[in-house]
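Have a look at the sequence and the fold, then follow the questions below.

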Amino acid sequence: MASNTTYYSLIKPAVGEAADITKINTNMDTIDATMKSISDTASAKQSKMLLFTNKSASSWSADSTYEDYPYKCNIACSGVTASDVAEVVFSPEQATSGEYAPVCLTYSGGVRIYASVNTSITIPHIIVHKG
């Protein structure tokens, strides 16, 4: 007597039982639909990211959020909301200078960074994970 797999209920013929093409096709349809669902989920997650390149950070203002980084700069990034999470990828020189805070915040319309200096820079990449 045939049995079924645990997770997807694929039909498993018993030993010595003749293969039934209808049951094989049912298994194939189940596998196909499951793979499509996995693919769609992966695509949806990937589309929940925004990438910004060569963004200018030049309008610095005084700020007391972080004692060691008394300046902040709001960088306009279309599509960003306060509930998103951003990763700011500084150039190697910027990242190792100690002049830029290792944190950033998102707000409606952009990303905020903090620094110990108020010098204009170009940020190579900002990656934003939606929601």
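Q: Why is E17 called partly exposed?
A: E17 has a relative accessible area of 35%. Buried means under 20%, exposed means over 50%, and partly exposed is what falls in between (1.4 Å probe, protein chains only), so E17 is partly exposed. A word on the source: this is a predicted model, where local features need pLDDT of at least 70 and side-chain atom pairs count only at pLDDT 80 or more, while totals for chains, interfaces and linings use all residues. Residues are numbered from 1 along each chain as its sequence is written, and side-chain values use heavy atoms, with hydrogens and water left out.

Q: What makes K23 and E17 a salt bridge?
A: The closest N and O atoms of K23 and E17 are 3.9 Å apart. A salt bridge needs a side-chain nitrogen of Lys or Arg within 4 Å of a carboxyl oxygen of Asp or Glu, so the pair K23 and E17 qualifies. K23 is itself partly exposed, with a relative accessible area of 31%.

Q: How many salt bridges are there by this rule?
A: The count comes to three. Another of them joins K72 to D63, with the closest N and O atoms 3.8 Å apart, and D63 is buried at a relative accessible area of 17%.

Q: What makes K130 and D84 a salt bridge, and which parts does the pair tie together?
A: Their closest N and O atoms are 2.7 Å apart, which is within the limit, so the label applies. K130 lies in the segment after β9 and D84 in the loop between β5 and β6, so the pair ties together parts that are 46 residues apart in sequence. K130 counts as partly exposed at 29% relative accessibility, whereas D84, at 6%, counts as buried.

Key. Helices (H or I, at least four residues) and strands (E, at least two) are DSSP runs, numbered from the N terminus.
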